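Please find below my notes on this model. They cover a sheet and a pair of helices.

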Amino acid sequence: MRPFEYLIPASVDEAITMRQEHGDCSRFIAGGTELVVAMKAGKLRVDYLVELSRLTTLRYLKLTDGGLTIGPLTTHAEIARSPLLRGPWLALAEASASIREPQVQNLGTIGGNIAFAVPSADTAPPLLTFDAMLALQGPRGTRTVPISEFFLAPYRSVLGPAEMLVEIHLPGTGSHFGSAFCKVGRHHGLGLSVVSVAASLELEAGTIVRARVAMGVAAPTPRRVVEAESLLLGEKPDSSLFREAGRLVSQAATPRAGSIRGSPEYKREVLPVLAERALGLAAARASAHAERGSR
Amino acid sequence: MKISFTVNGRSQELEIRPERTLLEVLRDDLGLTGTKHGCDSGECGACTVLIDGEPANSCLVLTPAVRGRHVLTIEGLAEDGKLHPLQQAFIDHGALQCGFCGSGMILSAKALLDRNPSPSRAEVRRGLAGNLCRCSGYQQIVDAVMDAADRLREVR
């Protein structure tokens, strides 16, 4: 690996100041599971690494006003195991659990997964279906951005120079809310996602009152499929409805040709199946939560 | 830069360049070559060590990141010259062919059994999902871990 300086900040403010001082040749490092590989391959030139992994104030999961806030340094293993993610936000735990092998889940963080803006970021589709808000702190203060506006292109986001993702907030949900994450990978424990779908549904008296569907590795960035969401709204959960929604998801996909992981043709064939499955699970979970709530 | 951490219960203080990975330092500076250098990109699991009890690919970890932490490698598993039950079970079941994946397999299995002393075969497979065996001796490996789990429960 090319030599670099390793900087250890004592606080978030200091970390941001370090990035400001060193500009383009500096990067934040959390788990390092993406960055170290890119640096070894010579794909990334870094003169200064600013370590985030010991900023323990950014490592937490906590319920707040019915919603959930997640510190960006929380690892995939912690998210996959958290009891706070057994209910409405289960899709996020499923996504974290699906990320490669235990060795990587123990190192990799949700903040790194989002901030690195890799097209295959598995935590992005569930966060998109939860309307997650991202707090970004920079030299001039903190701003909040909906995750749907965060990704610009592969490996590019709205994060400015020296700006850091400091919190992920999931708004509260109704009691009849369920979610699911489904993906196709090569096999568990090796390689990245080929394509994925997350869905979340809220029901009221058996009718869908809120629907979100998002896909991963099916477009230059993870994104929602509003056409499918509009179709679902106001309808009763039903397999033919979900099949039609899956068709819209596939139609909205713009997968990159020449990807080593799966051809566009393959992804368009698989997407409706994944979407139908995710919606079915989300609906079943929403009803199950509703029953539990009414007892 | 100066880095202090613990390896197999012994404290180490090393002067190293930050771009050196934990894998390189374990093998080249500390002579702990039981940790294997496989794919060098976090795919194969041959370089698995336990950091504060949790499995990690040491090829992905920059050495400064382990300062103050406890690293366990395969060399630290036997106690007073007596093999750990997992090591003994791997021998008894012929769970090693070429042996290259063995250190990582055994350490991943240790972390799994520490968390879950009575895993199902499916749970063992999931726990070892990040460790590839190219000789393809997975059946014997799972047999060995199941057997070691029994032996460890008896000890407790």
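1. R27(A) lies opposite L49(A), a residue of β3(A). The strands β2(A) and β3(A), the latter at residues 48-51, pair in the parallel sense over 4 bridges. Pairing requires at least two bridges found by DSSP; strands are DSSP runs of E with at least two residues, and helices are runs of H or I with at least four, numbered from the N terminus.

2. This is a predicted model, in which local features need pLDDT of at least 70 and side-chain atom pairs pLDDT 80 or more, while totals for chains, interfaces and linings use all residues. Residues are numbered from 1 along each chain as its sequence is written, with chains lettered from A and ligands numbered from 1 in the order written.

3. In chain A, 3 strands make an open sheet with parallel pairing, ordered β1-β3-β2. β1 (5-7) and β2 (26-29) of chain A are at the edges with a single partner strand each, so one side of each has no neighbour in the sheet.

4. In chain B, helix α3 (residues 102-115) packs with helix α5 (residues 138-155) at about 45°, the axes being 11 Å apart. Axes are lines fitted to C-alpha atoms, for helices over the stretch in contact, and angles run from 0 to 180 degrees between N-to-C directions. α3(B) and α5(B) are therefore oblique to each other (under 35 degrees is roughly parallel, over 145 roughly antiparallel, 65 to 115 roughly perpendicular, and the rest oblique).
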